[in-house]
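Please look through the sequence and the structure below before reading the briefing that follows. The points are grouped by topic, so that each can be compared with the picture in turn.

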Amino acid sequence: MRIEDELRGALDVAAPPPVTRLEDVLARGRRRVAVRRARIAGSALAVVAVVVAGVIAWPSGSRGVLDPVNWARATPAPEVVADPPRNSRLCREQTIPSLVLSLEGEVLAEEQMSKWRDLTQEAVSDRRVTSEDLRGLANEVPRVFKVDIGDTDSVRFSRTRSDDRPSVAADRALWATGACTPPRRWTNADGTVFQLYDATQTGQALYVFRADGRALRMEQLNVAGSLGRLPVKEWQFVRLGAAVAEVL
Amino acid sequence: MRATLNRLTAYWMRTRQTWGTGLRRDEEFSEFFTNRFDWARRTAYALCGDWSEAEELAQNAFVKAYAKWPGVRRESADAYVRTILTRLFLDSRRRVRGREHPVAEVPEHGVAGGFGEHDSALHVALQQVPPKQRAVLVLRYVHDLSIEQTAAELGCSTGNVKSQSARGLSTLREAYGRPVESESAS
């Protein structure tokens, strides 16, 4: 007889009576189903929790890396001399000195100012944005451009140029606003350095140093002088700065 | 978007079908268990050579099958349980190496508790065959599956089934301890 034929009859052997009862299998099977359902429900809850946590932690998903809330404060290189230097006397006497608002820079063209005004309007789409007549302003060889937002708010722009690398230029401007605390800083993938100075009751400054040496100085102002009532939120301010810096 | 919606709807339908038909599931499964448990237990015995372990393997296979029962097609339920059973057996051998105790010579009389002397000799000889080869032999010859079906149930290639089958038969012939013919030899 061939071994294969022997194998074909291998199930036909005398066997002891089975001891497994249907009830036992059903009970174990139901427990297994319940466990599996609990796992599925748990996984679904975990996914929901992650999504909710993400939404809470990042309430405006479109802010992206330009949200300054987690930017580190600048730590300047010791060999770079800041200009102006930190005002030690003022900082000893007053923890939060008034923001120094003095913009200077290159002459601005009408077309440029027009773009910046449009970008500002996009940033505060729910408020009315105005400025001086651009053609008339252009004739005055302007170095600072001011856009008014509503009755009491405004944003001012100027541009400069530097031969230094963006990080060095940012270090030099570390105390430019007269603040005692180093500004927050973030470097973009293309080498652009964003330097955001702390807000005071009346204003906040943002300097943007591009890799090609061009720099934007921007200030948002609240003439009414109530803290927390600046024209735009920090992340909106930074986003506006990034948009303007692209068309310097 | 529409594709995602369709997938979600299909999943919901499946889930509703799965979770909402507990009574029918139990009825159908009970009938299947009543008809096929002994068959599964004997298959497990051919694999492991021990009735108590065979009982445990068969029971575990049916428990797993119950959990997936709404998704199991009735015409393929045998194959489904057999696949679970075979993989459970192979897993158990992988986890507990050395659990089996090969004997140097096949005893003249079976050791399966007196349930058929001649067949016990065959089962004892089967235990001399390595687990994977044994599984191939059981599927190929005990269950008369094709090489392709065996490969599918074991999750391996047809070439692997052929080589495991040839080596398994050779080992089995040697272990069976009496001259037998073979298809491959003839």
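In this predicted model, Val141(A) is found in the loop between helix H5 (134-139) and strand E3 (145-149) of chain A, and the phi of Val141(A) is near 55 degrees, which is a positive value in a residue other than glycine. Most residues other than glycine have a negative phi, and most peptide bonds are trans.

**Backbone of chain A**
- The peptide bond that runs from Asp83(A) to Pro84(A) is cis, with omega near 0 degrees.
- Pro84(A) lies in the loop between E1 and helix H3 (88-93) of chain A.

**Salt bridges**
- When the whole structure is searched, 26 salt bridges are found over all chains.
- Asp198(A) and Arg73(A) form a salt bridge through their side chains, with an N to O distance of 3.1 Å.
- This pair links distant parts of the chain, since Asp198(A) is in the loop between strand E6 (193-196) and strand E7 (203-209) of chain A, while Arg73(A) is in strand E1 (residues 72-73) of chain A, and the two are 125 residues apart.

**Interface of chain B and chain A**
- Chain B contributes 46 residues to the contact and chain A contributes 30 residues, and the area buried between the two chains is about 3700 Å², of which carbon and sulfur atoms give 63%.
- Across this interface 2 salt bridges are found, and Arg30(A) forms a salt bridge with Asp26(B), in which the closest N and O atoms are 2.5 Å apart.
- Between chain B and chain A, 12 residue pairs are in polar contact, with both residues at pLDDT 80 or more.
- On the side of chain B that touches chain A, the elements that give two or more residues are helix H1 (2-19), helix H2 (22-48), helix H3 (51-67), helix H5 (117-126), H6 and H8 of chain B.
- Of these, H2(B) gives the most, with 11 residues.
- The residues on the side of chain B that touches chain A divide into 22 nonpolar, 11 polar and 13 charged.

**Helix packing in chain B**
- Two packed helices are described by the angle between their axes and the distance between the axes.
- Helix H6 (residues 131-142) of chain B packs against helix H8 (residues 158-176) of chain B at an angle of about 100 degrees, with the axes 8 Å apart, and H6(B) and H8(B) are therefore roughly perpendicular to each other.
- Among the residues that make this contact are Val136(B) and Leu137(B) of H6(B), together with Val161(B) and Leu169(B) of H8(B).
- By class, the contact of H6(B) with H8(B) has 6 nonpolar, 6 polar and 3 charged residues.
- Helix H4 (residues 77-95) of chain B and helix H7 (residues 147-154) of chain B pack at an angle of about 60 degrees, with their axes 9 Å apart, which makes H4(B) oblique to H7(B).
- The residues of this contact include Arg82(B) and Leu90(B) of H4(B) as well as Glu153(B) of H7(B).
- The contact of H4(B) with H7(B) divides into 4 nonpolar, 2 polar and 3 charged residues.

Conventions
Residues numbered from 1 in each chain as written. Chains lettered and ligands numbered in written order. Predicted model: local features only at pLDDT ≥ 70, side-chain atom pairs only at ≥ 80, totals over all residues. Heavy atoms only, no water. Axes fitted to C-alpha atoms, helices over the stretch in contact; angles between N-to-C directions. Helix = DSSP H or I, 4+ residues; strand = E, 2+ residues; numbered from the N terminus. Parallel < 35°, antiparallel > 145°, perpendicular 65-115°, else oblique. Contact = heavy atoms within 4.5 Å. Nonpolar A, V, L, I, M, F, W, Y, C, P; charged D, E, K, R; others polar. Buried area = accessible area lost by both parts, 1.4 Å probe. Salt bridge = Lys/Arg side-chain N within 4 Å of Asp/Glu carboxyl O. Polar contact = N/O pair within 3.5 Å; in protein donor to acceptor, adjacent residues only side chain to side chain.
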